[in-house]
Amino acid sequence: MPKYFRILKDNNWGFADAELNVLIPPAYKFLYGDLNGLVHFTQHNGLCGLLDIKNEILIPALYDYLICFEENEFIGCYKATINEKTGILSRNNEVVKGFE
């Protein structure tokens, strides 16, 4: 995410823009931008979710693992794992492929 950078305050990560405007307040154990221009976050309890750069939750932090597909028919979707079951979600938290 070239226009934005991560900020750290009191062991919490957030995002700011080049003018130092805080876009996502530092509240997360970890976060990073993906190829879709969205932000993966991990809460301090270890659960993962997805935000947009305006700090709107797209996929709530319910998942043990969440990663963006970069190739195949699921490009732009997210592989999610919960309770040892894996499924595929859209960026809007719609189930594309059920959890098994």
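Q: Is Asn83 buried or exposed?
A: Asn83 is exposed, at a relative accessible area of 64%; buried means under 20%, exposed over 50%, and partly exposed in between (1.4 Å probe, protein chains only). This is a predicted model, where local features need pLDDT of at least 70, side-chain atom pairs count only at pLDDT 80 or more, and totals for chains, interfaces and linings use all residues. Residues are numbered from 1 along each chain as its sequence is written, and side-chain values use heavy atoms, with hydrogens and water left out.

Q: Where does Asn83 lie?
A: In the loop between β9 (78–82) and β10 (85–89); strands are DSSP runs of E, at least two residues, numbered from the N terminus. Asn83 has a positive phi of about 50 degrees although it is not a glycine.

Q: And what is phi of Glu84?
A: Near 65 degrees, also positive in a residue other than glycine. Glu84 lies in the loop between β9 and β10 and is exposed, at 79%.

Q: New topic: how many aromatic pairs are there in the whole structure?
A: A search finds 4. Rings of Phe, Tyr and Trp (its six-membered ring) pair if their centres lie within 6.5 Å; planes under 30 degrees apart count as stacked, over 60 as edge-to-face, the rest as tilted. One of them is Tyr28 with Phe41, tilted, 4.8 Å centre to centre and 50 degrees between the planes.

Q: Where in the chain are Tyr28 and Phe41?
A: Tyr28 is in strand β3 and Phe41 in strand β5 (residues 39–42), 13 residues apart. Tyr28 is buried at 12%, and Phe41 is buried at 2%.

Conventions. Helix = DSSP H or I, 4+ residues; strand = E, 2+ residues; numbered from the N terminus.
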